[in-house]
Amino acid sequence: MRILITGITGYIGSNLARKLLHKHEIFGIVRQPINTTYIHDIQHKLVLLTYSGDGQELLEKIQMCKPDLVYHLATYYTGGHTIEHIENMIESNIAFGARLLECMSSSNCKNLIYTATVMENYRNEEYCPLNLYAATKRAFEDLMVYYADAGFLRYGKVVLSDTYGPDDKRPKIMNLVRNAELTQSPLDLSDGSQDYAIVHIDDVVNALDIAGQQLCLGQWQNCTYQLYPKEILSLRDTIEMMVRLQNLNVELNWGKLEKPIRFIQDSVKIYPTVPNWKSEISLQEGLKFCKNF
């Protein structure tokens, strides 16, 4: 198959491309300058299509590669926002997605897998955005539902919580802990009592691969699924397990920071998991062998 991945230079997109390369032709939509941090070892095996923001240019690229399946992973994330973030969120999370949907429709590309976020499910509700980022993600989904209902495409929405794995350089809590050890600086944290539902990157890409296969085979369409880890501990218990397994020497000041006004205390469980998929990597196994965040 010919598979197009938006967000291919990101952590999840690059790992998905790495998994699929041995059996599919992989294309990626990228902006200049290309960030090769996560794809330096596979860049020569990918077909990277540069995109400057012009809709006609995107249409030409999609008509050229004619993908059998599109994974839409590109996103602009910020937890809190200021006026400066709004333009980037609207462009990346809504406008680019709208162009992608129209270009797929015009090119008769029918199959789309899209990754959403549990931040759309604040208070464990079917839709209640935790922040503006989550609201822009849902705005794209409204557009996607229109294209699906009009018969232009069929989609699978896969809801993610948090993800982790080796060589993850994103500014997440685990990297903050490791950096604190490297600099021998104390790290102030909240009390850490909230659930921390994290899924290992290998489990994530396996789920996306399975979902893509099922969608293309017509086994289901226009469905929403969610990925759950094998076990869910509190943030504090998770980080303390990592510190213990990796023998880190770091000063963590739990309870020193106030929690934000809006945060997810209890893990979100709303949708079924991807059919025939389950999380295989335990938290202990994942943390033990993921020392290079």
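Modeller: Buried means under 20% relative accessible area, exposed over 50%, and partly exposed in between, with a 1.4 Å probe and protein chains only. This is a predicted model, in which local features need pLDDT of at least 70 and side-chain atom pairs count only at pLDDT 80 or more, while totals for chains, interfaces and linings use all residues. Residues are numbered from 1 along each chain as its sequence is written, and side-chain values use heavy atoms, with hydrogens and water left out.

Colleague: Are tyrosine 114 and phenylalanine 140 buried or exposed?

Modeller: Both tyrosine 114 and phenylalanine 140 are buried. They form a tilted aromatic pair, 4.7 Å centre to centre with 50° between the planes. Rings of Phe, Tyr and Trp (its six-membered ring) pair if their centres lie within 6.5 Å; planes under 30 degrees apart are stacked, over 60 edge-to-face, and the rest tilted.

Colleague: Where in the chain do tyrosine 114 and phenylalanine 140 lie?

Modeller: Tyrosine 114 is in strand S5 and phenylalanine 140 in helix H4 (residues 132–149), 26 residues apart. Helices (H or I, at least four residues) and strands (E, at least two) are DSSP runs, numbered from the N terminus.

Colleague: How many aromatic pairs does the whole structure have?

Modeller: A search finds eight aromatic pairs. Ring pairs also link Tyr146, Tyr147 and Phe152 into a cluster.

Colleague: Turning to the largest nonpolar core, which residues have the most contacts inside it?

Modeller: Those are Ile5, Ile26, Tyr71 and Ile113, in a core of 34 residues. Such a core is a set of buried Ala, Val, Leu, Ile, Met, Phe, Trp, Tyr and Cys residues joined through side-chain atoms within 4.5 Å.

Colleague: And which residues of S4 are buried on each side?

Modeller: Leu69 and Tyr71 are buried on one side of S4, and Val70 and His72 on the other. In a regular strand the side chains alternate between the two faces of the sheet.

Colleague: What does S4 pair with?

Modeller: S1 and S4 pair in the parallel sense over four bridges, and isoleucine 5 has tyrosine 71 as its bridge partner in S4. Three bridges join S4 to the parallel strand S5 (residues 111–117), where tyrosine 71 stands opposite isoleucine 113. Two strands pair if DSSP finds at least two bridges between them.

Colleague: One last topic: what does the side chain of aspartate 162 make a polar contact with?

Modeller: Its partner is the side chain of lysine 172, at 2.8 Å. A polar contact is a pair of N or O atoms within 3.5 Å; within protein, one must be able to donate a hydrogen and the other to accept it, and residues adjacent in sequence count only if both atoms are side-chain atoms. Aspartate 162 is found in strand S7 (residues 162–164) and is buried, with a relative accessible area of 16%.
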